[in-house]
Amino acid sequence: EDCGVLIMTATEDHSKHRIRQELNDVELRFPSRLLYPMDDDKGQAQYFFSGKTQAFLISEITRLKKTHIVCLGVPRLHEDLIDVGCVKSFLLDIDYRYAQFYSSNDFQRYNMFNGFF
């Protein structure tokens with residue numbers, strides 16, 4: 001079981017959760033690779049592009065000289081675009097855990113099924 005809390009407090013019970021300690025900068029820059037996917041609920045099931053698809057999308061965005069991208073439900077693409085530094089990326093995703101890693105200038109929780117922020 002995993003709750004996805006980045007910083008635990010003494011008042012919360014995490015005894016049944018998988019706990020990782022001593023995270024490095026790379027892990028913190030790529031939270032979709034750090035967090036366990038939410039797959040217990042079809043409403044929040046997560047799917048990820050293959051590395052080949054991811055590389056294609058980034059190369060096309062770069063080739064088309066786009067400067068701003070909204071990543072709708074694709075956190076790994078968002079992370080890689082930030083890492084490459086080729087565009088300004090904004091992530092809309094239902095997974096609330098990303099708010100621990102990104103400011104409101106880079107992330108907003110969003111439910112694409114009903115358009116709710």
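**Helix H3 and its surroundings**

The buried residues of helix H3 pack against strand S1 (68-72) and helix H4 (75-84). Buried stands here for a relative accessible area under 20%, exposed for over 50%, and partly exposed for values in between (1.4 Å probe, protein chains only). This is a predicted model, in which local features need pLDDT of at least 70 and side-chain atom pairs count only at pLDDT 80 or more, while totals for chains, interfaces and linings use all residues. Residues are numbered from 1 along each chain as its sequence is written, and side-chain values use heavy atoms, with hydrogens and water left out.

The chain contains 4 helices and 3 strands, arranged along the sequence as α-α-α-β-α-β-β. Helices (H or I, at least four residues) and strands (E, at least two) are DSSP runs numbered from the N terminus. Of the 117 residues, 32% count as buried. Among the chain's contacts with a separation of 6 or more, 36% come from residues 24 or more positions apart; a contact means heavy atoms within 4.5 Å.

Helix H3 covers residues 51-63. With 1.5 Å for each residue, its 13 residues should span 18 Å, and the C-alpha atoms at its ends are 18 Å apart, which agrees. The expected span is 1.5 Å times one less than the number of residues in the helix. The buried residues of H3 are Gln-54, Ile-58 and Ile-61. Viewed down the helix axis, these buried residues fall within an arc of 65 degrees, so they line one face of H3; the arc is taken over the directions from the helix axis to the C-beta atoms. An α-helix has 3.6 residues a turn, so residues three or four places apart point the same way. On the face of H3 turned away from the buried side are the exposed residues Lys-52 and Arg-63.

Gln-54 belongs to the buried set of H3, with a relative accessible area of 7%. Leaving aside residues up to four places away in sequence, Gln-54 touches Phe-49, Arg-76, Leu-77 and Asp-80.

What follows H3 in the chain? Just after the helix, Lys-65 takes a positive phi of about 60 degrees, in a residue other than glycine. Lys-65 is part of the loop between H3 and S1, and at 68% relative accessibility it counts as exposed.

Strand S1 includes Ile-69, which is buried at 16% relative accessibility. Beyond four places in sequence, Ile-69 touches Ile-61, Leu-81, Val-87, Lys-88, Ser-89 and Phe-90. The C-alpha atoms of Ile-69 and Val-87 are separated by 7.0 Å, although the two residues stand 18 residues apart along the chain.

In H4 the buried residues are Pro-75, Leu-77, His-78, Glu-79, Asp-80 and Leu-81. What do these residues pack against? The buried residues of H4 pack against helix H1 (25-29), H2, H3, S1 and strand S2 (88-93). After H4 comes Gly-85, with a positive phi near 75 degrees.

Arg-33 is found in helix H2 (residues 31-34) and is partly exposed, with a relative accessible area of 42%. Not counting residues up to four places away in sequence, Arg-33 touches Arg-76, Glu-79 and Asp-80. The C-alpha atoms of Arg-33 and Glu-79 are 9.7 Å apart, with the residues 46 apart along the chain. With Asp-80, Arg-33 makes a polar contact, side chain to side chain, at 3.3 Å. A polar contact is a pair of N or O atoms within 3.5 Å, where within protein one must be able to donate a hydrogen and the other to accept it, and residues adjacent in sequence count only if both atoms are side-chain atoms.

Arg-76 also takes part in a contact with a ring: its charged end sits over the ring of Phe-48, 4.2 Å from the ring centre. Sitting over a ring requires NZ of Lys or CZ of Arg to be within 6 Å of the ring centre and within 35 degrees of the ring normal.

Towards S3, the loop between S2 and strand S3 (107-109) holds Asp-106. Is Asp-106 buried or exposed? Asp-106 is buried, with a relative accessible area of 19%. Outside the four places on either side in sequence, Asp-106 touches His-78, Lys-88, Ser-89, Phe-90 and Leu-91.
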